[in-house]
Amino acid sequence: MSSLHKSRIADFQDVLKEPTIALEKLRELSFSGIPCEGGLRCLCWKILLNYLPLERASWTAILAKQRELYAQFLREMIIQPGIAKANMGVSREDVTFEDHPLNPNPDSRWNTYFKDNEVLLQIDKDVRRLCPDISFFQRATEYPCLLILDPQNEFETLRKRVEQTTLKSQTVARNRSGVTNQEQNIKPQFFAFRWLTLLLSQEFLLPDVIRIWDSLFADDNRFDFLLLVCCAMLILIREQLLEGDFTVNMRLLQDYPITDVCQILQKAKELQDSQ
């Protein structure tokens, strides 16, 4: 480990040990990349994404509350109505003639349950797309929910529920507002939809994606900065795009050739500073 890297770790530790975190200082440090040693990145992301408050003294209570909210979310949205398990602390609910799977009433919990499937299906698709070959995305969490993981329970797993649910996929509305190349008619939705919705997670290797996310999460206007990152990606291959035909350019845009994400982030920062 280089002395420079040790110095950066020490800078982060100094900021994070304060009773009240200096958010602007943390953002400034994080924008240039967060060290992964000692759980620094995990902690910094929680603060930058407002999962944890700036006051250190309240972190333990907030984490306990958030995990309870997560368990409540599972009980309300993922666990099928009418099914429960007494030894898990969830009381069984009677399924009456007034509320049943075919009840069209908008207030029906079954109706809400089926509508939630649409959101869960999209979440499942996004998880499958996010580097599914990497074991990181298959590991159990440090705080698993026993309601879901217990093999003896009666609940469906989320994946099983999604796989068994037949839904009509919604067609993404066409965006006619921009064209990358007028003559070739290369529209942004041909490539930018994936870039934006998956936060560039399919365009680069996972360590590089995480490095990009450090800068995105550190920026106060993170989604505006994401647009600038995408613009920087286009600018850096501008000459190749001007020389290529439709097929070549689509291959470039869907299999981005530049692997140095620091170069891309530097260009995006230049665009931001010039605004």
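User: In which helix is Ser-30 found?

Analyst: Ser-30 belongs to helix 2, which covers residues 23-31. Helices are DSSP runs of H or I with at least four residues, strands are runs of E with at least two, and both are numbered from the N terminus. This is a predicted model, in which local features need pLDDT of at least 70 and side-chain atom pairs count only at pLDDT 80 or more, while totals for chains, interfaces and linings use all residues. Residues are numbered from 1 along each chain as its sequence is written, and side-chain values use heavy atoms, with hydrogens and water left out.

User: How many helices and strands does the protein have?

Analyst: The protein has 13 helices and zero strands.

User: Why is Ser-30 called buried?

Analyst: The relative accessible area of Ser-30 is 0%. A residue is buried under 20%, exposed over 50% and partly exposed in between, using a 1.4 Å probe and protein chains only. Ser-30, at 0%, therefore counts as buried. Across the protein, buried residues make up 34% of the 275 residues.

User: What does Ser-30 contact beyond its neighbours within four places in sequence?

Analyst: With those neighbours left aside, Ser-30 is in contact with Phe-12, Cys-44, Leu-48, Asp-214, Ser-215 and Ala-218; contact requires heavy atoms within 4.5 Å.

User: What makes helix 2 and helix 9 roughly antiparallel?

Analyst: The axes of helix 2 and helix 9 (residues 206-218) cross at roughly 155° and come within 8 Å. Axes are lines fitted to C-alpha atoms, for helices over the stretch in contact, and the angles run from 0 to 180 degrees between N-to-C directions. Angles under 35 degrees count as roughly parallel, over 145 as roughly antiparallel, 65 to 115 as roughly perpendicular, and the rest as oblique. Helix 2 and helix 9 are therefore roughly antiparallel.

User: Which residues of helix 2 and helix 9 meet?

Analyst: Helix 2 contributes Arg-27, Ser-30 and Phe-31, and helix 9 contributes Arg-211, Asp-214, Ser-215 and Ala-218. By class, this contact has two nonpolar, two polar and three charged residues. Ala, Val, Leu, Ile, Met, Phe, Trp, Tyr, Cys and Pro count as nonpolar, Asp, Glu, Lys and Arg as charged, and the others, Gly among them, as polar.

User: What makes helix 10 roughly perpendicular to helix 13?

Analyst: The axes of helix 10 (residues 222-236) and helix 13 (residues 261-273) cross at roughly 115° and come within 8 Å. That angle makes the two helices roughly perpendicular. Among the residues in contact are Phe-225, Leu-228 and Met-233 of helix 10, together with Ile-264, Leu-265 and Lys-267 of helix 13. The residues of this contact divide into twelve nonpolar, two polar and two charged.

User: How do you know that Val-261 is buried, and what does Val-261 touch?

Analyst: Val-261, placed in helix 13, has a relative accessible area of 3% and is therefore buried. Not counting residues up to four places away in sequence, Val-261 touches Phe-204, Asp-208, Arg-211 and Ile-212. Val-261 and Phe-204 are 57 residues apart in sequence, yet 8.3 Å apart in space, C-alpha to C-alpha.

User: Why is Glu-37 called partly exposed?

Analyst: Glu-37 has a relative accessibility of 28% and therefore counts as partly exposed. Glu-37 lies in the loop between helix 2 and helix 3. Its contacts, leaving aside neighbours within four places in sequence, are Met-1, His-5 and Ile-9.

User: What joins the side chains of Glu-37 and His-5?

Analyst: A polar contact of 3.2 Å joins them. The term denotes a pair of N or O atoms within 3.5 Å; within protein, one must be able to donate a hydrogen and the other to accept it, and residues adjacent in sequence count only if both atoms are side-chain atoms.
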